[in-house]
Amino acid sequence: MTQQGIFNHLIEQLMALPGVGRKSAQRFAFFILKMEPEAAKNIGRAIIDVKDRLAFCKICNNITEHEICNICTSPKRDTQKVVVIEEPSTLHIIERTGEYKGLYHILLGALAPLPGAKTCAPSIENLIERLEKGGIKEVIIATNPTIEGEATAIYLTRLIQPLGITVSRIAFGIPVGIDIEYADEVSLVKSLQGRREIDPL
Ligand SMILES: [Zn+2]
């Protein structure tokens with residue numbers, strides 16, 4: 001590869017990241033070029049480590065070093081309840097509250113209201129398959145209170161209620177439009193406790 005080719009290759013790779021266009025990618029590439037060699041190499045190693053060692057749990061999409069995550073394999077969890085969330089980061093926030101002992105299902109996104117946008121359809125399929133196996137009595141939908149999160153909640157309710165499973169939505173002490181990630185633990189505990197069963201659609 002030529003000198004210019006090497007540099008362009010880095011720009012192209014950085015553009016694979018969400019929200020990074022050519023301008024930002026060029027800026028990052030120049031920054032990396034100017035960095036201390038060890039610091040720049042650490043970024044590369046961290047990316048390789050994540051891809052070599054971590055994956056999404058085959059059952060719930062939680063981040064795990066094994067095929068199945070330690071929440072799905074724990075004998076201490078209430079296997080009749082599943083909280084549905086958009087991102088793994090929300091799981092950590094709910095776990096920190098120590099109030100919830102059930103299982104999770106992480107969608108890795110939300111339904112996009114605009115055609116062509118990224119959807120979480122495969123993870124919804126996995127959830128339905130999981131519910132059809134039986135044993136789960138309640139699904140608590142904790143998608144974000146955004147347009148996408150609400151659309152996903154309605155869509156899931158329509159799919160899940162016919163299976164004879166209770167569907168509830170967390171109560172929002174969380175301000176509308178704010179991601180669950182930014183909610184404090186107290187409001188999150190209240191949201192879970194104050195969840196309401198969704199009337200059959
Ligand atoms: Zn899992």
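Predicted model: local features only at pLDDT ≥ 70, side-chain atom pairs only at ≥ 80, totals over all residues.
A contact here means heavy atoms within 4.5 Å. Residues are numbered from 1 along each chain as its sequence is written, and side-chain values use heavy atoms, with hydrogens and water left out.

Let's start with the overall layout. The protein has seven helices and seven strands, where helices (H or I, at least four residues) and strands (E, at least two) are DSSP runs numbered from the N terminus. Read from that end, the elements go α-α-α-β-β-β-α-β-α-β-α-β-α-β. Of the 201 residues, 37% are buried; buried means under 20% relative accessible area, exposed means over 50%, and partly exposed is in between, using a 1.4 Å probe and protein chains only.

Now to the sheet. Five strands make an open sheet with mixed pairing, in the order β4-β3-β5-β6-β7; two strands pair if DSSP finds at least two bridges between them. The edges belong to β4 (102-106) and β7 (196-197), and each has a single partner strand, so one side of each is left without a neighbour in the sheet. Further in, β3 and β5 run parallel and are joined by four bridges, with V84 standing opposite I141 in β5. On to the next pair: strand β5 (residues 138-141) and strand β6 (residues 166-169) are also parallel, again with four bridges. Across that pairing, E138 stands opposite T166 in β6, while I140 has S168 as its bridge partner. Which way do the residues of β5 point? E138 and I140 point one way and V139 and I141 the other, and all are buried.

Helices cover this sheet. Helix α5 (residues 121-132) lies across β3 (78-85), β4 and β5, and runs at about 150 degrees to β4. Helix α6 (residues 147-160) packs on the sheet too, touching β3, β5 and β6, and its direction makes about 170 degrees with that of β6. Those angles run from 0 to 180 degrees between N-to-C directions, with axes as lines fitted to C-alpha atoms, for helices over the stretch in contact.

Helix α4 (residues 88-97) has its own set of buried residues, namely P88, T90, L91, I93, I94 and T97. An α-helix has 3.6 residues a turn, so residues three or four places apart point the same way. Just past α4, G98 takes a positive phi of about 70 degrees.

Next, the metal. Which residues hold the zinc ion? C57, C60, C69 and C72 coordinate the zinc ion through their SG atoms, at 2.3 to 2.4 Å. Donors are N, O and S atoms within 2.8 Å of the metal (3.2 Å for Na, K and Ca), and since water is not among the atoms, sites may look incomplete. Along the sequence, the donor residues are spaced C-x2-C-x8-C-x2-C. For reference, the ideal angle for four tetrahedral donors is 109.5 degrees. C69 is buried, at a relative accessible area of 1%.

Finally, the charged pairs. The structure holds eight salt bridges, each being a side-chain nitrogen of Lys or Arg within 4 Å of a carboxyl oxygen of Asp or Glu. One of them joins E95 and R77, with the closest N and O atoms 2.8 Å apart. This pair links distant parts of the chain, with E95 in helix α4 and R77 in the loop between β2 and β3, 18 residues apart. Is R77 buried or exposed? R77 is buried, at 14% relative accessible area, whereas E95 is partly exposed at 27%.

Another salt bridge runs between E65 and R53, where the closest N and O atoms are 3.0 Å apart. E65 sits in the loop between β2 (63-64) and β3 and R53 in helix α3 (residues 37-53), so the pair ties together parts that are 12 residues apart in sequence. R53 is partly exposed, at 48%.
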